[in-house]
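Work through the exercises below with the structure open beside the text. Each task is followed by a solution in steps.

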Amino acid sequence: MKKTLKRTFRVSKYVIYKETLVDYKEHFWSFLGAFFGIGIIAFIQSHTLSATENIFLIGSFGASSVLIYGAIQSPLAQPRNLVGGHVISALVGVTVYKIVPDIIWLSAPLAVAFSIVLMQYTKTLHPPGGATALIAVSSTGKIPELGYWYVVSPVLTGCIILLIAALFFNNITSNRSYPTHNRLKRLLKKKHAHPHKMKK
């Protein structure tokens, strides 16, 4: 237990340290990423639904933006966590709502607790996912009517929009790199290295 706590503390210190080293110029790219990521979702919302039907722009996307644009080195901000965390939590939230739709004091804690455990089990822990599950069981109006379509849209489609913006704006300068661990990047580096070897 002590080893786990020490390791968690070390990782947290490292992540906080890395994030505070970001040059002030890089904050500009964080701003742009969040602006365009949320902006595109809000644009779709405003042009497809009435102002009273707030379906696409769910609150948990704001929390995700803090992580994927402002704390890009965090393990909780990586693409697997962003998409997996939200989708799993949305599935849990809708399922719990279908089983206990009218008992909020039971459905709300069940949705959040199960989503946390499943995110831990699948290694997709993403704190805003808890809010995604809670929205599914506590919202009124259109969201409960969506059923499992809630998982596809707004959750999955919104995650993809946020991710595309993050992949663009978080890699626009040499000081920013997202995701931190990416097989695709390794493959690209290998392919880039082969032409140089052939020239020699």
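Helices here are DSSP runs of type H or I with at least four residues, numbered from the N terminus. The model is predicted.

**Exercise 1.** Find where Lys123 lies and describe its backbone and its accessibility.

Solution. Start with the place: Lys123 is in the loop between helix H5 (104–121) and helix H6 (128–138). Next, take the backbone: Lys123 is not a glycine, yet its phi is positive, at about 60 degrees. Last, take the accessibility. Exposed means over 50% relative accessible area. Lys123 has a relative accessible area of 64%, so it is exposed.

**Exercise 2.** Determine which residues Arg80 contacts, leaving aside its neighbours within four places in sequence.

Solution. Arg80 belongs to helix H4 (residues 79–99). Its relative accessible area is 53%, so Arg80 counts as exposed. With those neighbours set aside, Arg80 is in contact with Gly85, Thr122, Lys123 and Thr124. Now look at the polar atoms of the Arg80 side chain: one lies 2.7 Å from the backbone oxygen of Thr122. The backbone oxygen of Lys123 is 3.0 Å from a polar atom of that side chain. Finally, compare sequence with space: 43 residues separate Arg80 and Lys123 in sequence, while their C-alpha atoms are 8.4 Å apart.

**Exercise 3.** Describe the largest nonpolar core and say which element gives the most to it.

Solution. The largest nonpolar core has 30 residues, and those with the most contacts inside it are Ile58, Ile68 and Tyr150. Two or more residues come from each of H2, helix H3 (60–70), H4, H6 and H8. Of these, H8 gives the most, with 10 residues. Then follow Ile58: beyond its neighbours within four places in sequence, Ile58 is in contact with Thr132, Ile135, Ile143, Tyr150, Pro154 and Val155. There is also a second, separate core of eight residues, among them Ile88, Val92, Ala108 and Val137.

**Exercise 4.** Locate the nonpolar surface patch that includes Ile40, and classify Ile40 as buried, partly exposed or exposed.

Solution. The patch is formed by Phe31, Phe35, Phe36, Ile40, Phe43 and Ile44, which together have about 590 Å² of accessible area. Ile40 sits in helix H2 (residues 24–48). Its relative accessibility is 38%, so Ile40 is partly exposed.

**Exercise 5.** Find which residue is joined to Pro179 by a cis peptide bond.

Solution. First go to the loop between helix H8 (149–169) and helix H9 (183–199), where Pro179 is placed. The cis peptide bond joins Tyr178 and Pro179, with omega about 0 degrees.

Key:
Residues are numbered from 1 along each chain as its sequence is written. This is a predicted model: local features need pLDDT of at least 70, side-chain atom pairs count only at pLDDT 80 or more; totals for chains, interfaces and linings use all residues. Side-chain values use heavy atoms; hydrogens and water are left out. Patches are made of residues with over 30% relative accessible area and no salt bridge: like charges are joined within 9 Å, nonpolar side chains (Val, Leu, Ile, Met, Phe, Trp, Tyr) within 5 Å. Accessible areas come from the Shrake-Rupley method with a 1.4 Å probe; for residues, only the protein chains shown count as cover. A salt bridge is a side-chain nitrogen of Lys or Arg within 4 Å of a carboxyl oxygen of Asp or Glu. Buried means under 20% relative accessible area, exposed over 50%, partly exposed in between (1.4 Å probe, protein chains only). Contact means heavy atoms within 4.5 Å. A polar contact is a pair of N or O atoms within 3.5 Å; within protein, one must be able to donate a hydrogen and the other to accept it, and residues adjacent in sequence count only if both atoms are side-chain atoms. A nonpolar core is a set of buried Ala, Val, Leu, Ile, Met, Phe, Trp, Tyr and Cys residues joined through side-chain atoms within 4.5 Å.
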